[in-house]
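Please prepare a short report on the model shown here.

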Amino acid sequence: MSTASLQEAPGRSVVNAGRPGKRRSNRVGSRLAGLPWILPAVLLVVGLIYFPIGFTGYASTLDWNGFILSTPKEVGTANYAKMLGDDVFWQALWHTAYFYVITFSVQTVIGFAIAAVMHSKIRFGAVYKAIVFIPTVLAPATMAPVFRQIFDQYGQFNWLLSHIGLDSLTRPWLADPGTAMPVVMFITVWQWTGLTFILYYAAMAQVDTEVLEAARVDGASSLRVLRSIVWPMCRGTTAALAVLGLIGALKTFDIPYLVTKGGPNHGTEFLGTYIYQTMVQQKHFGYAAAIAIALLVLAVAGGSIMSVRNRRAGRDQ
Amino acid sequence: MFDVHSRASRIGLQILATLMVLPFLFPLLAAIQGSLGGLGIGNYAKVFNTGIVATVFTNSLIISAFTIGIVYAVTMLAAFGFAKLRLFGREVWFWVLLAALTVPEAVLLTPLFVVASTFDLYNELAAVILPLAAMQVPFTVLIARSFFDGIPTELMEAAKVDGASILRVFWSIILPLTRPITATIVVLTLINSWNAYLLPMLMLNDQSKQVVTLLPSFFVSQYTNDQTGVLAAAVITAIPEILVYLALQKYFERGLAAGALK
């Protein structure tokens with residue numbers, strides 16, 4: 001991962017000052033003058049991220065229940081072999097993949113559309129903006145019980161359906177794997193579209209209004225302007241959101257854990273929930289560590305590949 | 001973006017906007033409605049009567065304050081070091097931090113759990129604060145460094161000619177210029193530490209150590225399936241968050257959107 005790779009993600013760069021390397025000549029002090037300044041950050045990250053990763057790597061070769069006093073048994077790569085033959089592991093991966101594709105696409109479409117509408121002459125724009133953004137600042141853990149209630153057999157969603165004549169559709173949404181996953185995705189979209197919206201909203205503010213006016217004078221419709229001018233100009237934002245969404249999908253834990261506990265029948269199992277369950281409930285620390293290492297590899301590889309691709313696309317523009 | 005001239009199209013657009021926004025509001029209304037079922041306002045009294053509301057808010061405040069403090073201090077020092085001072089192997093050091101950007105929390109659970117129980121950090125707020133800070137730092141250093149890169153080095157050189165030490169330059173010249181990035185760092189860290197669930201759930205079992213995100217689940221275990229209590233607890237924890245957001249709206253949105261402004 002390099003500096004440029006993630007430059008466009010939210011909050012990443014307030015002042016775009018060009019490449020860091022260019023200013024080397026007028027930096028101050030002796031050869032290691034910067035070391036004491038960066039050391040606290042490096043120690044914190046090495047001590048609390050790198051060391052634990054190393055430990056997880058070691059633990060992944062053990063058969064161990066996690067108690068310090070119990071003697072772990074060395075099993076080599078047995079945990080990894082077990083993982084590759086574990087249906088639940090593959091299910092969790094598959095869930096992560098389609099969860100990512102669907103939530104990212106839906107958030108992009110809705111977030112972009114709301115941003116476009118909010119940039120038009122709308123009353124109560126400030127109120128609407130706040131409503132869309134509020135879910136982003138709320139804890140998933142706070143809202144999870146609310147959604148459990150809404151999608152319960154006797155919840156508001158079924159009440160709504162039966163009042164608009166869709167009685168036949170009412171069901172216990174969280175009890176069936178086929179509907180529990182869409183609910184988990186719905187909650188995610190509800191929660192994170194505010195961020196997508198705010199980023200597109202900010203990006204659209206940078207679009208030159210003269211270009212838009214010129215296109216309109218030439219007879220382009222609003223939709224056409226959005227598709228052919230605004231959307232391409234927001235490409236950087238879309239790319240940054242794609243990376244963020246991928247990392248977010250791999251990190252998914254709070255919502256499926258709190259809403260469905262990864263069930264029913266592993267129907268909403270993600271790598272995070274599976275690791276937690278394996279470790280805390282089944283006390284298979286070694287196996288949990290092996291899955292954690294797989295998750296780490298996916299997150300680092302996925303993040304790097306997408307950033308590199310984005311950077312290339314950025315250069316070609 | 002949409003060019004509206006006629007009255008009809010303006011109204012149409014307003015209706016479209018309203019329809020798009022309402023689904024975001026419904027779950028919040030459902031939370032309030034659900035929390036008033038059964039005992040009505042009494043559900044809120046029930047939550048407060050447990051006596052842990054003040055405890056969880058205090059603990060969350062402590063955790064957020066310390067996490068923000070650590071992240072801010074460590075980030076500012078590192079960003080200054082990376083952007084303004086000579087450093088052998090700079091990009092290697094930087095890469096060491098950046099590589100940790102995408103590490104999921106779940107990867108750290110096994111070792112953190114074992115280490116915390118070995119060193120008896122279990123049920124200590126520090127066992128949550130330190131990992132939260134460590135996970136935040138790679139990102140904040142990344143954004144702070146590019147901000148510091150934009151501060152002209154000539155400012156520092158002028159001060160050095162006047163005989164100021166590096167420490168003094170950092171403190172009196174650079175830091176006062178970093179207010180925009182400070183707001184971003186504080187808001188991001190606040191959201192991430194206040195909303196953290198997995199680490200507190202794992203590390204803080206003692207009731208006197210729990211945090212706001214654990215308040216709703218308290219009612220699931222305590223009174224089996226007391227939905228109204230759970231929802232009242234959810235509303236109680238959501239309200240302060242919404243109020244803080246509304247009060248600092250500009251900083252929240254700017255903080256999260258900063259990267260998109262090119």
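The sections below go from confidence to the chain contact and then to individual residues.

## Model and confidence

This is a predicted model. Chain A has a mean pLDDT of 84, and 90% of its residues reach 70 or more.

Residues 1–25 of chain A are a stretch where pLDDT stays under 50.

## Contact between chains A and B

Chain A puts 104 residues into the contact, and chain B puts in 101 residues. On the side of chain A that touches chain B, H1(A) gives the most, with 15 residues. By class, that side of chain A divides into 73 nonpolar, 21 polar and 10 charged residues.

Pro40(A) lies in helix H1 (residues 35–59) of chain A. Not counting residues up to four places away in sequence, Pro40(A) touches Val74(B) and Leu77(B). Pro40(A) counts as partly exposed because it has 17 other C-beta atoms within 10 Å, a number between the limits of 12 for exposed and 20 for buried. Within chain A, Pro40(A) and Thr278(A) are 238 residues apart along the chain, and their C-alpha atoms are separated by 34 Å.

## Packing of H5(A) on H12(B)

Helix H5 (residues 140–150) of chain A packs with helix H12 (residues 227–247) of chain B at an angle of about 140 degrees, and their axes are 9 Å apart. H5(A) is therefore oblique to H12(B), since only angles over 145 degrees count as roughly antiparallel. The crossing of H5(A) with H12(B) is left-handed.

From H5(A), the contact is made by Thr142(A), Met143(A), Pro145(A), Val146(A) and Gln149(A). H12(B) contributes Gln227(B), Val230(B), Leu231(B), Ala234(B), Thr237(B) and Ala238(B). The contact of H5(A) with H12(B) has seven nonpolar and four polar residues, and no charged residues.

## A buried leucine in chain B

Leu109(B) is placed in helix H5 (residues 105–118) of chain B. With 27 other C-beta atoms within 10 Å, Leu109(B) is buried, because the count is above the cut-off of 20.

Leaving aside neighbours within four places in sequence, Leu109(B) is in contact with Ile275(A), Tyr276(A) and Met279(A) from chain A and with Leu202(B) from chain B. Leu109(B) and Ala78(B) are 31 residues apart in sequence, and the distance from C-alpha to C-alpha is 26 Å.

## Positive phi in two loops of chain A

Most residues other than glycine have a negative phi. Phe124(A) is not a glycine, yet has a positive phi of about 60 degrees. Phe124(A) sits in the loop between helix H3 (87–118) and helix H4 (125–137) of chain A. Phe124(A) has 13 C-beta neighbours inside 10 Å and so counts as partly exposed.

His266(A), another residue other than glycine, has a positive phi near 60 degrees. His266(A) is found in the loop between helix H11 (254–260) and helix H12 (271–281) of chain A. There are 18 other C-beta atoms within 10 Å of that of His266(A), so His266(A) is partly exposed.

Definitions and conventions:
Residues numbered from 1 in each chain as written. Chains lettered and ligands numbered in written order. Predicted model: local features only at pLDDT ≥ 70, side-chain atom pairs only at ≥ 80, totals over all residues. Helix = DSSP H or I, 4+ residues; strand = E, 2+ residues; numbered from the N terminus. pLDDT = per-residue confidence, 0-100. Contact = placed C-beta atoms within 7 Å. Nonpolar A, V, L, I, M, F, W, Y, C, P; charged D, E, K, R; others polar. Axes fitted to C-alpha atoms, helices over the stretch in contact; angles between N-to-C directions. Parallel < 35°, antiparallel > 145°, perpendicular 65-115°, else oblique. Left-handed = near helix turned anticlockwise from the far one by under 90°.
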